[in-house]
Amino acid sequence: MRIFDTTVQLLKRTVRDHFLEYFRTSPIMVFSPGRINLIGEHTDYNKGYVLPAAIDMGIVMAIQKSMEPLCTATAIDISETFSFELGQLSPIPKGGWQNYIMGVISEIQKKGIKTPPFNVVFGGSIPPGAGLSSSAALENALVFSLNELFQLGFSKMEMILISQAAENNFAGVQCGIMDQYASMFGQKDAALFLDCNSLQSEVIPIQNDEFTLLLLDTKVKHSLADTAYNERRDVCYKVAQQLGLASLRDLDLQTLLENSGQFSENTFQKALFVLEENARVLDAVTALRNNDLRAFGTLLFKSHTGLQHQYKVSCEELDFLVDMARDSEDVLGARMMGGGFGGCTLNLVKKNKVDSFVKLVIEKYTTRFNHSIASYQVSLAEGTRLIP
Ligand code: GLA
(Lines give C-alpha, C1' and ligand atoms only; values in the text may rest on other atoms or scores of the structure.)
Protein backbone atom coordinates (compact mmCIF):
# COMPACT_ATOMS: atom_id res chain seq x y z
CA MET A 1 0.00 0.00 0.00
CA ARG A 2 2.72 2.42 0.96
CA ILE A 3 4.81 1.57 -2.12
CA PHE A 4 1.81 2.17 -4.36
CA ASP A 5 1.05 5.53 -2.77
CA THR A 6 4.64 6.65 -3.01
CA THR A 7 4.95 5.72 -6.68
CA VAL A 8 1.74 7.46 -7.63
CA GLN A 9 2.57 10.51 -5.53
CA LEU A 10 6.02 10.77 -7.12
CA LEU A 11 4.67 10.36 -10.62
CA LYS A 12 1.91 12.80 -9.87
CA ARG A 13 4.38 15.43 -8.77
CA THR A 14 6.55 15.00 -11.87
CA VAL A 15 3.60 15.12 -14.24
CA ARG A 16 1.98 18.06 -12.46
CA ASP A 17 5.25 20.05 -12.26
CA HIS A 18 5.80 19.53 -15.96
CA PHE A 19 2.28 20.67 -16.73
CA LEU A 20 2.61 23.79 -14.58
CA GLU A 21 5.95 24.68 -16.09
CA TYR A 22 4.70 24.49 -19.67
CA PHE A 23 1.08 25.59 -19.43
CA ARG A 24 0.95 27.69 -16.25
CA THR A 25 -2.52 26.55 -15.24
CA SER A 26 -3.49 24.05 -12.60
CA PRO A 27 -4.52 20.70 -14.15
CA ILE A 28 -7.00 17.97 -13.24
CA MET A 29 -5.03 14.81 -12.29
CA VAL A 30 -6.12 11.25 -13.10
CA PHE A 31 -4.59 7.82 -12.44
CA SER A 32 -5.42 4.89 -14.70
CA PRO A 33 -3.96 1.43 -13.97
CA GLY A 34 -2.58 -1.35 -16.14
CA ARG A 35 -3.93 -4.87 -15.75
CA ILE A 36 -3.02 -8.49 -15.35
CA ASN A 37 -5.23 -11.37 -16.39
CA LEU A 38 -5.41 -14.40 -14.11
CA ILE A 39 -7.04 -16.62 -16.71
CA GLY A 40 -9.30 -16.43 -19.78
CA GLU A 41 -6.98 -15.51 -22.64
CA HIS A 42 -8.31 -14.73 -26.13
CA THR A 43 -11.81 -15.31 -24.87
CA ASP A 44 -12.94 -11.67 -24.56
CA TYR A 45 -13.47 -11.03 -28.27
CA ASN A 46 -15.32 -14.35 -28.43
CA LYS A 47 -17.78 -12.95 -25.88
CA GLY A 48 -16.52 -15.40 -23.28
CA TYR A 49 -15.25 -15.20 -19.71
CA VAL A 50 -12.11 -13.52 -18.34
CA LEU A 51 -10.63 -12.95 -14.88
CA PRO A 52 -8.47 -9.80 -15.00
CA ALA A 53 -7.46 -7.32 -12.30
CA ALA A 54 -6.19 -3.75 -12.29
CA ILE A 55 -2.71 -3.31 -10.80
CA ASP A 56 -0.76 -0.72 -8.89
CA MET A 57 1.19 0.35 -11.97
CA GLY A 58 -0.38 2.81 -14.33
CA ILE A 59 -0.53 6.19 -15.98
CA VAL A 60 -0.77 9.56 -14.30
CA MET A 61 -2.32 12.25 -16.49
CA ALA A 62 -2.64 16.01 -16.11
CA ILE A 63 -5.13 17.87 -18.28
CA GLN A 64 -6.52 21.38 -18.64
CA LYS A 65 -8.17 23.57 -21.29
CA SER A 66 -5.83 25.27 -23.76
CA MET A 67 -5.80 28.97 -24.56
CA GLU A 68 -4.42 28.14 -28.01
CA PRO A 69 -6.30 26.69 -31.00
CA LEU A 70 -4.07 23.58 -30.95
CA CYS A 71 -4.01 20.71 -28.45
CA THR A 72 -0.63 19.59 -27.11
CA ALA A 73 0.09 16.17 -25.65
CA THR A 74 3.37 15.26 -23.93
CA ALA A 75 4.62 11.81 -22.92
CA ILE A 76 7.20 12.76 -20.31
CA ASP A 77 8.77 9.28 -20.01
CA ILE A 78 10.02 9.46 -23.58
CA SER A 79 10.17 13.27 -23.88
CA GLU A 80 7.86 13.37 -26.88
CA THR A 81 5.41 16.19 -27.58
CA PHE A 82 2.75 16.21 -30.22
CA SER A 83 0.45 19.07 -31.28
CA PHE A 84 -2.74 18.55 -33.23
CA GLU A 85 -5.94 20.21 -34.34
CA LEU A 86 -9.18 18.75 -33.07
CA GLY A 87 -10.74 19.09 -36.52
CA GLN A 88 -8.00 17.07 -38.23
CA LEU A 89 -7.49 13.69 -36.65
CA SER A 90 -6.23 10.70 -38.57
CA PRO A 91 -4.18 7.67 -37.51
CA ILE A 92 -0.43 7.94 -37.95
CA PRO A 93 0.76 4.83 -39.85
CA LYS A 94 2.73 2.65 -37.41
CA GLY A 95 2.18 5.45 -34.89
CA GLY A 96 2.56 4.96 -31.16
CA TRP A 97 0.87 6.66 -28.22
CA GLN A 98 -0.36 9.54 -30.39
CA ASN A 99 -2.85 7.20 -32.04
CA TYR A 100 -4.41 6.29 -28.68
CA ILE A 101 -4.83 9.97 -27.85
CA MET A 102 -6.32 10.91 -31.21
CA GLY A 103 -8.37 7.71 -31.30
CA VAL A 104 -10.16 8.54 -28.06
CA ILE A 105 -10.93 12.10 -29.21
CA SER A 106 -12.13 10.84 -32.57
CA GLU A 107 -14.52 8.36 -30.91
CA ILE A 108 -15.90 11.13 -28.70
CA GLN A 109 -16.39 13.30 -31.79
CA LYS A 110 -18.29 10.46 -33.50
CA LYS A 111 -20.90 10.91 -30.78
CA GLY A 112 -21.44 14.47 -31.98
CA ILE A 113 -19.44 16.01 -29.11
CA LYS A 114 -16.93 18.74 -29.92
CA THR A 115 -14.66 19.78 -27.06
CA PRO A 116 -12.55 22.97 -26.92
CA PRO A 117 -8.77 22.47 -27.25
CA PHE A 118 -6.84 21.12 -24.25
CA ASN A 119 -3.32 20.26 -23.14
CA VAL A 120 -2.35 16.94 -21.65
CA VAL A 121 0.81 15.60 -20.00
CA PHE A 122 1.25 12.01 -18.87
CA GLY A 123 3.81 9.63 -17.43
CA GLY A 124 3.66 6.01 -16.41
CA SER A 125 5.04 3.28 -14.22
CA ILE A 126 4.01 0.41 -16.52
CA PRO A 127 7.06 -1.23 -18.10
CA PRO A 128 6.72 -0.81 -21.88
CA GLY A 129 6.08 -3.94 -23.95
CA ALA A 130 5.35 -6.08 -20.89
CA GLY A 131 1.77 -6.76 -21.96
CA LEU A 132 0.29 -4.98 -18.95
CA SER A 133 -2.01 -2.83 -21.08
CA SER A 134 -0.40 0.54 -20.92
CA SER A 135 -2.48 1.35 -24.01
CA ALA A 136 -5.80 0.68 -22.23
CA ALA A 137 -4.52 2.68 -19.25
CA LEU A 138 -3.72 5.61 -21.54
CA GLU A 139 -7.04 5.48 -23.39
CA ASN A 140 -8.98 5.26 -20.14
CA ALA A 141 -6.92 8.04 -18.57
CA LEU A 142 -7.76 10.35 -21.45
CA VAL A 143 -11.46 9.59 -21.81
CA PHE A 144 -11.88 9.84 -18.03
CA SER A 145 -9.94 13.14 -17.91
CA LEU A 146 -11.93 14.66 -20.76
CA ASN A 147 -15.16 13.50 -19.14
CA GLU A 148 -14.17 15.33 -15.96
CA LEU A 149 -12.74 18.41 -17.62
CA PHE A 150 -15.67 19.08 -19.95
CA GLN A 151 -18.39 17.38 -17.87
CA LEU A 152 -19.34 15.10 -20.79
CA GLY A 153 -21.57 12.91 -18.66
CA PHE A 154 -20.26 9.53 -19.85
CA SER A 155 -20.75 6.48 -17.64
CA LYS A 156 -17.72 4.26 -17.01
CA MET A 157 -19.20 1.69 -19.39
CA GLU A 158 -19.51 4.29 -22.17
CA MET A 159 -15.94 5.35 -21.51
CA ILE A 160 -14.46 1.88 -21.90
CA LEU A 161 -16.34 1.36 -25.15
CA ILE A 162 -14.82 4.62 -26.42
CA SER A 163 -11.36 3.39 -25.35
CA GLN A 164 -11.83 0.05 -27.07
CA ALA A 165 -13.09 1.67 -30.28
CA ALA A 166 -10.08 4.01 -30.23
CA GLU A 167 -7.75 1.01 -30.14
CA ASN A 168 -9.72 -0.79 -32.87
CA ASN A 169 -10.01 2.16 -35.22
CA PHE A 170 -6.86 4.21 -34.62
CA ALA A 171 -4.27 1.72 -33.36
CA GLY A 172 -5.53 -1.03 -35.70
CA VAL A 173 -5.69 -3.75 -33.03
CA GLN A 174 -9.06 -5.47 -32.97
CA CYS A 175 -8.82 -6.00 -29.22
CA GLY A 176 -11.65 -7.19 -26.99
CA ILE A 177 -12.96 -5.32 -23.95
CA MET A 178 -10.97 -7.01 -21.16
CA ASP A 179 -8.11 -4.54 -20.78
CA GLN A 180 -10.21 -1.39 -20.79
CA TYR A 181 -12.76 -3.00 -18.45
CA ALA A 182 -10.18 -4.12 -15.91
CA SER A 183 -8.35 -0.82 -15.98
CA MET A 184 -11.57 1.17 -15.44
CA PHE A 185 -13.46 -1.05 -12.99
CA GLY A 186 -10.58 -2.64 -11.03
CA GLN A 187 -11.02 -3.25 -7.30
CA LYS A 188 -8.42 -3.39 -4.56
CA ASP A 189 -7.18 -6.92 -3.72
CA ALA A 190 -9.63 -8.49 -6.15
CA ALA A 191 -10.03 -9.79 -9.69
CA LEU A 192 -13.09 -9.25 -11.87
CA PHE A 193 -14.93 -12.28 -13.16
CA LEU A 194 -16.23 -10.68 -16.33
CA ASP A 195 -18.75 -12.07 -18.77
CA CYS A 196 -17.75 -10.35 -22.01
CA ASN A 197 -21.17 -11.00 -23.48
CA SER A 198 -23.28 -9.23 -20.88
CA LEU A 199 -20.41 -7.02 -19.63
CA GLN A 200 -21.47 -7.88 -16.10
CA SER A 201 -18.74 -8.69 -13.61
CA GLU A 202 -18.38 -10.09 -10.16
CA VAL A 203 -15.63 -9.17 -7.72
CA ILE A 204 -13.48 -12.14 -6.68
CA PRO A 205 -11.26 -11.33 -3.67
CA ILE A 206 -7.65 -12.47 -4.14
CA GLN A 207 -5.66 -12.61 -0.96
CA ASN A 208 -3.42 -15.28 0.37
CA ASP A 209 -0.78 -15.24 3.06
CA GLU A 210 1.28 -18.04 1.61
CA PHE A 211 1.31 -17.41 -2.17
CA THR A 212 1.81 -14.35 -4.33
CA LEU A 213 1.39 -13.37 -7.98
CA LEU A 214 4.73 -12.82 -9.68
CA LEU A 215 5.21 -11.48 -13.20
CA LEU A 216 8.27 -12.49 -15.18
CA ASP A 217 8.88 -10.21 -18.14
CA THR A 218 10.60 -11.91 -21.10
CA LYS A 219 11.64 -8.47 -22.35
CA VAL A 220 10.72 -9.54 -25.86
CA LYS A 221 7.84 -8.59 -28.10
CA HIS A 222 7.92 -10.40 -31.41
CA SER A 223 6.87 -8.20 -34.28
CA LEU A 224 4.10 -10.45 -35.54
CA ALA A 225 2.06 -9.82 -32.39
CA ASP A 226 -0.57 -7.40 -33.75
CA THR A 227 -1.03 -9.19 -37.08
CA ALA A 228 -1.29 -12.60 -35.40
CA TYR A 229 -3.79 -11.19 -32.90
CA ASN A 230 -6.10 -9.92 -35.66
CA GLU A 231 -5.70 -13.22 -37.54
CA ARG A 232 -6.77 -15.24 -34.46
CA ARG A 233 -9.78 -13.02 -34.04
CA ASP A 234 -10.67 -13.54 -37.70
CA VAL A 235 -10.42 -17.33 -37.46
CA CYS A 236 -12.82 -17.32 -34.50
CA TYR A 237 -15.32 -15.07 -36.28
CA LYS A 238 -15.27 -17.27 -39.35
CA VAL A 239 -15.92 -20.46 -37.37
CA ALA A 240 -18.86 -18.82 -35.59
CA GLN A 241 -20.19 -17.41 -38.86
CA GLN A 242 -19.90 -20.76 -40.65
CA LEU A 243 -21.91 -22.40 -37.87
CA GLY A 244 -24.54 -19.65 -37.95
CA LEU A 245 -23.59 -18.32 -34.50
CA ALA A 246 -23.07 -14.75 -33.29
CA SER A 247 -19.82 -15.72 -31.54
CA LEU A 248 -17.92 -18.73 -30.20
CA ARG A 249 -19.62 -18.10 -26.87
CA ASP A 250 -22.69 -19.74 -28.38
CA LEU A 251 -20.77 -22.85 -29.48
CA ASP A 252 -20.86 -26.05 -27.43
CA LEU A 253 -18.42 -28.93 -27.62
CA GLN A 254 -20.89 -31.36 -29.17
CA THR A 255 -21.68 -28.99 -32.06
CA LEU A 256 -17.99 -28.30 -32.63
CA LEU A 257 -17.21 -32.04 -32.74
CA GLU A 258 -20.13 -32.79 -35.07
CA ASN A 259 -18.95 -30.09 -37.46
CA SER A 260 -15.21 -30.66 -37.13
CA GLY A 261 -15.02 -31.94 -40.72
CA GLN A 262 -15.73 -28.42 -41.99
CA PHE A 263 -12.53 -27.06 -40.49
CA SER A 264 -8.80 -27.62 -40.84
CA GLU A 265 -7.12 -29.20 -37.80
CA ASN A 266 -5.55 -25.82 -37.01
CA THR A 267 -8.86 -23.97 -37.01
CA PHE A 268 -10.59 -26.73 -35.07
CA GLN A 269 -7.94 -26.57 -32.33
CA LYS A 270 -8.31 -22.80 -32.03
CA ALA A 271 -12.07 -23.02 -31.59
CA LEU A 272 -11.63 -25.91 -29.15
CA PHE A 273 -9.15 -23.85 -27.16
CA VAL A 274 -11.67 -21.03 -26.76
CA LEU A 275 -14.33 -23.43 -25.45
CA GLU A 276 -11.86 -25.04 -23.05
CA GLU A 277 -10.45 -21.72 -21.87
CA ASN A 278 -13.95 -20.45 -21.07
CA ALA A 279 -14.56 -23.59 -19.00
CA ARG A 280 -11.21 -23.06 -17.23
CA VAL A 281 -12.27 -19.55 -16.17
CA LEU A 282 -15.41 -20.96 -14.56
CA ASP A 283 -13.35 -23.65 -12.81
CA ALA A 284 -10.79 -21.06 -11.70
CA VAL A 285 -13.49 -18.93 -10.10
CA THR A 286 -14.77 -21.97 -8.22
CA ALA A 287 -11.23 -22.85 -7.12
CA LEU A 288 -10.60 -19.32 -5.86
CA ARG A 289 -13.91 -19.24 -4.01
CA ASN A 290 -12.88 -22.48 -2.31
CA ASN A 291 -9.40 -21.11 -1.67
CA ASP A 292 -8.05 -24.12 -3.57
CA LEU A 293 -4.88 -22.61 -5.01
CA ARG A 294 -3.54 -25.96 -6.15
CA ALA A 295 -6.52 -26.44 -8.45
CA PHE A 296 -6.21 -22.83 -9.58
CA GLY A 297 -2.50 -23.29 -10.35
CA THR A 298 -3.14 -26.44 -12.39
CA LEU A 299 -5.64 -24.47 -14.50
CA LEU A 300 -2.96 -21.84 -15.17
CA PHE A 301 -0.58 -24.49 -16.52
CA LYS A 302 -3.33 -26.00 -18.67
CA SER A 303 -4.21 -22.58 -20.04
CA HIS A 304 -0.59 -22.15 -21.09
CA THR A 305 -0.49 -25.52 -22.81
CA GLY A 306 -3.56 -24.53 -24.82
CA LEU A 307 -2.13 -21.13 -25.73
CA GLN A 308 1.14 -22.76 -26.76
CA HIS A 309 -0.08 -25.74 -28.78
CA GLN A 310 -3.68 -25.05 -29.78
CA TYR A 311 -4.03 -21.29 -30.09
CA LYS A 312 -0.33 -20.90 -30.98
CA VAL A 313 0.29 -17.46 -29.51
CA SER A 314 3.22 -18.28 -27.24
CA CYS A 315 6.92 -18.10 -28.04
CA GLU A 316 10.16 -19.81 -27.00
CA GLU A 317 10.90 -17.29 -24.24
CA LEU A 318 7.46 -17.61 -22.61
CA ASP A 319 7.53 -21.41 -22.87
CA PHE A 320 10.96 -21.47 -21.26
CA LEU A 321 9.72 -19.48 -18.26
CA VAL A 322 6.60 -21.62 -17.85
CA ASP A 323 8.70 -24.79 -18.07
CA MET A 324 10.91 -23.47 -15.28
CA ALA A 325 7.80 -22.82 -13.20
CA ARG A 326 6.62 -26.38 -13.84
CA ASP A 327 9.96 -27.68 -12.59
CA SER A 328 9.77 -25.71 -9.36
CA GLU A 329 7.99 -27.09 -6.32
CA ASP A 330 7.49 -23.52 -5.10
CA VAL A 331 5.26 -22.54 -8.02
CA LEU A 332 1.67 -23.75 -8.16
CA GLY A 333 0.93 -22.51 -11.65
CA ALA A 334 2.13 -20.29 -14.48
CA ARG A 335 1.13 -19.18 -17.95
CA MET A 336 1.77 -16.56 -20.59
CA MET A 337 -0.46 -13.55 -20.18
CA GLY A 338 -2.18 -11.24 -22.68
CA GLY A 339 -2.06 -11.33 -26.47
CA GLY A 340 1.14 -13.42 -26.59
CA PHE A 341 4.42 -13.52 -28.58
CA GLY A 342 6.26 -11.89 -25.68
CA GLY A 343 5.51 -9.89 -22.57
CA CYS A 344 5.05 -11.55 -19.20
CA THR A 345 4.25 -14.86 -17.61
CA LEU A 346 2.05 -14.90 -14.54
CA ASN A 347 3.30 -17.17 -11.74
CA LEU A 348 1.66 -18.24 -8.53
CA VAL A 349 4.67 -18.57 -6.22
CA LYS A 350 5.25 -19.27 -2.54
CA LYS A 351 5.87 -15.85 -0.98
CA ASN A 352 9.03 -16.82 0.87
CA LYS A 353 10.51 -18.49 -2.24
CA VAL A 354 10.08 -15.63 -4.69
CA ASP A 355 13.69 -14.43 -4.43
CA SER A 356 15.29 -17.83 -4.89
CA PHE A 357 12.95 -18.66 -7.80
CA VAL A 358 13.66 -15.36 -9.56
CA LYS A 359 17.42 -15.77 -9.05
CA LEU A 360 17.38 -19.23 -10.62
CA VAL A 361 15.20 -18.14 -13.53
CA ILE A 362 17.41 -15.13 -14.29
CA GLU A 363 20.50 -17.33 -14.37
CA LYS A 364 19.02 -19.92 -16.70
CA TYR A 365 17.13 -17.49 -18.92
CA THR A 366 20.18 -15.26 -19.39
CA THR A 367 22.33 -18.22 -20.35
CA ARG A 368 19.72 -19.40 -22.84
CA PHE A 369 18.67 -16.08 -24.44
CA ASN A 370 21.62 -13.79 -23.78
CA HIS A 371 19.56 -11.12 -22.10
CA SER A 372 17.85 -10.91 -18.75
CA ILE A 373 14.25 -10.82 -17.61
CA ALA A 374 12.55 -8.41 -15.23
CA SER A 375 10.31 -9.50 -12.39
CA TYR A 376 7.44 -7.60 -10.79
CA GLN A 377 5.31 -8.34 -7.76
CA VAL A 378 2.09 -6.48 -8.31
CA SER A 379 -0.77 -5.57 -5.99
CA LEU A 380 -4.31 -5.56 -7.23
CA ALA A 381 -5.71 -2.06 -7.19
CA GLU A 382 -8.65 0.22 -7.88
CA GLY A 383 -9.54 1.30 -11.42
CA THR A 384 -9.27 4.66 -13.20
CA ARG A 385 -9.84 7.56 -10.82
CA LEU A 386 -9.23 11.20 -10.01
CA ILE A 387 -6.16 11.84 -7.91
CA PRO A 388 -6.97 14.39 -5.22
C1 GLA B 1 -4.87 -8.32 -25.55
C2 GLA B 1 -6.20 -7.66 -25.91
C3 GLA B 1 -7.33 -8.19 -25.04
C4 GLA B 1 -7.36 -9.71 -25.01
C5 GLA B 1 -5.97 -10.28 -24.76
C6 GLA B 1 -5.93 -11.78 -24.93
O7 GLA B 1 -4.48 -7.94 -24.28
O8 GLA B 1 -6.12 -6.27 -25.79
O9 GLA B 1 -8.56 -7.66 -25.46
O10 GLA B 1 -7.93 -10.22 -26.19
O11 GLA B 1 -4.99 -9.72 -25.62
O12 GLA B 1 -6.71 -12.39 -23.97
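How much space lies in the largest pocket? The volume is about 1,400 Å³. The model shown in these views is predicted.

**View 1. The largest pocket and its lining.** The pocket of about 1,400 Å³ is lined by 50 residues. Tyr100, Gly129, Ser134, Ser135 and Lys221 are the lining residues nearest the pocket centre. Two or more lining residues come from each of α2 (97–110), β6 (118–124), α3 (134–149), α4 (156–171), α5 (178–185), α6 (225–242) and β11. Sorted by class, the lining holds 24 nonpolar, 17 polar and nine charged residues. Both domain 1 and domain 2 take part, each giving at least three residues to the lining.

**View 2. The two domains and their contact.** The protein is divided into domain 1, made up of 3–206 + 382–386, and domain 2, covering 211–377. Their C-alpha centres are 25 Å apart. Across the contact, 34 residues of domain 1 meet 42 residues of domain 2. The largest pocket also draws on the two domains for its lining.

**View 3. The four-stranded open sheet.** The strands run in the order β10-β11-β9-β12, and their pairing is antiparallel. β10 (331–336) and β12 (374–377) are the edge strands; each has a single partner, so one side of each lacks a neighbour in the sheet. From one strand to the next, the twist averages 20°. Strands of a sheet pair through backbone hydrogen bonds, in either a parallel or an antiparallel sense.

**View 4. The pairing of β10 with β11.** β10 pairs with β11 (residues 342–350) in the antiparallel sense, over five bridges. Within this pairing, Gly333 faces Leu348 of β11. Strand β11 is also one of the elements that give two or more residues to the lining of the largest pocket.

**View 5. Helices α10 and α11 on the sheet.** Helix α10 (residues 316–327) lies across β9 (211–221), β10 and β11, and runs at about 5° to β11. Helix α11 (residues 354–369) also packs on the sheet, where α11 touches β9, β10, β11 and β12. The direction of α11 makes about 20° with that of β9.

**View 6. The β4–β5 hairpin.** Strand β4 (residues 71–75) and strand β5 (residues 80–84) are paired in the antiparallel sense over five bridges. Thr74 stands opposite Thr81 in β5. Four residues lie between the two strands of the hairpin. In the turn, Ser79 has a positive phi of about 50°.

Conventions. Residues are numbered from 1 along each chain as its sequence is written. This is a predicted model: local features need pLDDT of at least 70, side-chain atom pairs count only at pLDDT 80 or more; totals for chains, interfaces and linings use all residues. Side-chain values use heavy atoms; hydrogens and water are left out. Two strands pair if DSSP finds at least two bridges between them. Axes are lines fitted to C-alpha atoms, for helices over the stretch in contact, and angles run from 0 to 180 degrees between N-to-C directions. Contact means heavy atoms within 4.5 Å. On a 1 Å grid over the protein atoms alone, a cavity is a set of points where a 1.4 Å probe fits but cannot get out, and a pocket is an open set with protein on both sides within 12 Å along at least five of seven lines; lining residues have an atom within 4 Å of a point. Grid points are joined across faces, edges and corners, and a volume is the space filled by probe spheres set on the points. Ala, Val, Leu, Ile, Met, Phe, Trp, Tyr, Cys and Pro count as nonpolar, Asp, Glu, Lys and Arg as charged, and the others, Gly among them, as polar. Domain bounds come from an automatic or database domain assignment.
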